[in-house]
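Dear colleague,

I am passing on the structure we spoke about, and I would be glad if you would read the notes below with the coordinates open beside them.

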Amino acid sequence: MGLFDRLFGVEKKEPAEEEVEETVASEAAEADGAEMASEPELPTEEKTESEGLMESQLEEVSEAASEEMTSEVEKVTADTLPDYYVQMRAQLDAASRKVEEEQFQEALEEVRKRRETETEKYNRSLQKTRSGFLESLNAFFANFRTVDEEFFEELEELLITSDVGVQVATQLTEDLRQEARLENAKKPEDLRRVIIEKLVDIYDKDGHYEEEINFQEGLTVMLFVGVNGVGKTTSIGKLAYRYKEEGRKVMLVAADTFRAGAVAQLVEWGNRVDVPVVTGPEKSDPASVVYDGLERAQAEGVDVLLIDTAGRLQNKDNLMAELEKIGRIIQRVVPDAPHENLLALDASTGQNALVQAKEFSKITPVTGIVLTKIDGTARGGVVLAIRQELDIPVKLIGFGEKLDDIGDFKSEQFMRSLLDGVFVSDID
Ligand code: GDP
Ligand code: MG
């Protein structure tokens, strides 16, 4: 089944991934002749409910405990114990209440943290892009009564301003011209579905997505490159947290020795997420810091080594020379590394991100893209331009500045969130 059908198939709204599993399971059960026990609940609701339950249970337990302690204190006070003991008892109770309160707060924090599912993260981060695109599309359709040459020209412009890239825009418009001719298209609104279908088809390309991180059995080395300010260091910090949470042994290497403060920034992330950071003396040779990092990672049985590099040197030649040297040093210690050479791109820079990707590809073999700051921009359409115009898959996506605001990039989820509600006016 093509991507468009998976997104908008016969029933328009396809079930979410988790639901698919449920459906498959229940279909299998039906096939076995077994009765369906009950209507499967939506996983998100289930989660929210159980989280709510957990919260209120925690609150109850905490309240009950403190009430019990208060009455204990009163009982003891009523007894004939010397004042000294009464005071001690009261102090002890206060201390244990404090500990309990802290534990309670920690547990609550955990619950809150888990509240945003991956789907919600995509939906939230793509809100600006989605509403921007929908608004333009609706305004466009409101503006045209006939399908004429102006219609196609305006459509092409709309697509270009939606950051999907010139190639996608021209290909889509050209395909649509053909189609409209063949089908004798009547009203512009009839073409809405065709436009979205084409957009999805162009994105789907050959249907191959190599979005997974190339994890190794032993040590996985991930090198991060990209211009200043795109979010390399922040992404490394967030990934360190995530991989550690997944039970991997993580280590960071501060090879951005060019910019004052860059090392300190990574060290701070290391402290925050409790992961070791390999550093060198100020202004030291980045390649030698990388060498130390690799040796230490091997000696300590590290699973994932994340290397931060400088985004800007005096000029492009210097940057290329430095990245080449880092590459050589890495291979001297681990011949098949780096396993990922990830280019960080700031989504809010739109087509400029594409230019950066083309430039970096000339100086280093980029294996994947970390697309950051999608949460703060309406230019998320750039993902379509990247897929169409570059031969580099997006592998990671930055959803914001919080510790857990990074995720594996999933094209299908991305498109689902991007195009959510695009056919609502059909139903009206
Ligand atoms: P570097 O120079 O490439 O290492 O960039 P930094 O990691 O220092 O990030 C630059 C700024 O972008 C910081 O203020 C980050 O908090 C911010 N940033 C990075 N990733 C994201 C993201 O996914 N969303 C948002 N909203 N901000 C981000
Ligand atoms: Mg940095």
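To begin with the ligand, a polar side-chain atom of glutamate 401 lies 2.5 Å from an oxygen atom of ligand 1. Please keep in mind throughout that this is a predicted model. Altogether 17 residues surround ligand 1, and the closest of them are Gly229, Thr233, Thr234, Asp375 and Glu401.

Two of those closest residues, Thr233 and Thr234, return in the packing of helices, where they belong to the H10 side of the contact between H10 and H11. Helix H10 covers residues 232-245 and helix H11 covers residues 262-273, and their axes come within 10 Å and cross at roughly 20°. Because angles under 35 degrees count as roughly parallel, H10 is roughly parallel to H11, and the crossing of the two is right-handed. Besides the two threonines, H10 contributes Ile236, Gly237, Lys238, Ala240, Tyr241 and Lys244, while H11 brings Gln265, Leu266, Trp269 and Val273. Sorted by class, the residues of this contact of H10 with H11 comprise 6 nonpolar, 4 polar and 2 charged.

A second pair is formed by helix H8 (residues 166-183) and helix H9 (residues 191-204), whose axes come within 10 Å and cross at roughly 135°; H8 and H9 are therefore oblique to each other. H8 passes H9 in a right-handed crossing, and the contact involves Val168, Gln171, Leu172, Asp175, Leu176 and Glu179 on the side of H8, with Leu191, Val194, Ile195, Lys198, Leu199 and Ile202 on the side of H9. The contact of H8 with H9 has 8 nonpolar residues, together with 1 polar and 3 charged.

Thr119, Tyr122 and Asn123 of H5 meet Gln413, Phe414 and Ser417 of H16, and by class the contact of H5 with H16 holds 2 nonpolar and 4 polar residues, with no charged residues.

Finally, there are two points of backbone geometry that I would ask you to look at. Most residues other than glycine have a negative phi, and most peptide bonds are trans. Aspartate 163, however, has a phi near 70°, a positive value in a residue other than glycine, and its place is in the loop between helix H7 (149-161) and H8. The peptide bond from alanine 337 to proline 338 is cis, with omega near 0°, and proline 338 sits in the loop between helix H13 (316-333) and strand S5 (340-346).

Methods: Residues are numbered from 1 along each chain as its sequence is written. Chains are lettered from A and ligands numbered from 1 in the order in which they are written. This is a predicted model: local features need pLDDT of at least 70, side-chain atom pairs count only at pLDDT 80 or more; totals for chains, interfaces and linings use all residues. Side-chain values use heavy atoms; hydrogens and water are left out. Axes are lines fitted to C-alpha atoms, for helices over the stretch in contact, and angles run from 0 to 180 degrees between N-to-C directions. Helices (H or I, at least four residues) and strands (E, at least two) are DSSP runs, numbered from the N terminus. Angles under 35 degrees count as roughly parallel, over 145 as roughly antiparallel, 65 to 115 as roughly perpendicular and the rest as oblique. A crossing is left-handed if the near helix is turned anticlockwise from the far one by less than a right angle, and right-handed if clockwise. Contact means heavy atoms within 4.5 Å. Ala, Val, Leu, Ile, Met, Phe, Trp, Tyr, Cys and Pro count as nonpolar, Asp, Glu, Lys and Arg as charged, and the others, Gly among them, as polar. A residue is near a molecule or strand if one of its heavy atoms lies within 4 Å of it. A polar contact is a pair of N or O atoms within 3.5 Å; within protein, one must be able to donate a hydrogen and the other to accept it, and residues adjacent in sequence count only if both atoms are side-chain atoms.
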